[in-house]
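Please look over the structure shown below. This report covers a helix, then a sheet, then a single residue.

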Amino acid sequence: MIQFKLVDVREHMEWEMGHIKGADKLIPTSSFFPSLEESKLAKDESIILYCHVGSRSVLCSTILRDQGYSKISNFTRGIVSYNGEIEK
């Protein structure tokens, strides 16, 4: 089985409205750096980022790569294209 962290980079209000079931962390784009520090994500673990349509998660994935995170993926079309279970 592939192990990874699923990270939502939308805002808290969006998270409360619904997030992908099993999402491990909320690291809002508006407070990305302090929230990232608090999240204690390891730089060598596999991380998949998502947002609403994919634009914020692409930005955050670039930031993480620049900070030395090596296994970053982006859920390209965001939660709007996700057909699985949503938690509220």
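This is a predicted model: local features need pLDDT of at least 70, side-chain atom pairs count only at pLDDT 80 or more; totals for chains, interfaces and linings use all residues.

Helix α2 spans residues 32-39, and its buried residues are F32, S35, L36 and S39. Buried means under 20% relative accessible area, exposed over 50%, and partly exposed in between (1.4 Å probe, protein chains only). Helices (H or I, at least four residues) and strands (E, at least two) are DSSP runs, numbered from the N terminus.

Residues are numbered from 1 along each chain as its sequence is written, and side-chain values use heavy atoms, with hydrogens and water left out.

What do the buried residues of α2 pack against? They pack against β3 (25-26) and α3 (55-66). Contact here means heavy atoms within 4.5 Å. Just after α2 comes K40, with a positive phi of about 55°.

Now the sheet. It is open, has four strands in the order β3-β1-β4-β5, and its pairing is parallel. Strands β3 and β5 (72-74) are the edges, each pairing on one side only. Two strands pair if DSSP finds at least two bridges between them. The table lists two pairings of β1.

| Pair | Sense | Bridges | Residues standing opposite |
|---|---|---|---|
| β1 (residues 5-8) and β4 (residues 47-50) | parallel | four | K5 and I47 |
| β1 and β3 | parallel | two | D8 and L26 |

In a regular strand, side chains alternate between the two faces of the sheet.

Back to S39, which lies in helix α2. Why does S39 count as buried? Its relative accessibility is 8%, so S39 falls in the buried class. Setting aside neighbours within four places in sequence, S39 is in contact with K25 and I27. The side chain of S39 also makes a polar contact, reaching the backbone oxygen of L36 at 2.6 Å. A polar contact is a pair of N or O atoms within 3.5 Å; within protein, one must be able to donate a hydrogen and the other to accept it, and residues adjacent in sequence count only if both atoms are side-chain atoms. S39 and T76 are 37 residues apart along the chain, and their C-alpha atoms are separated by 22 Å.
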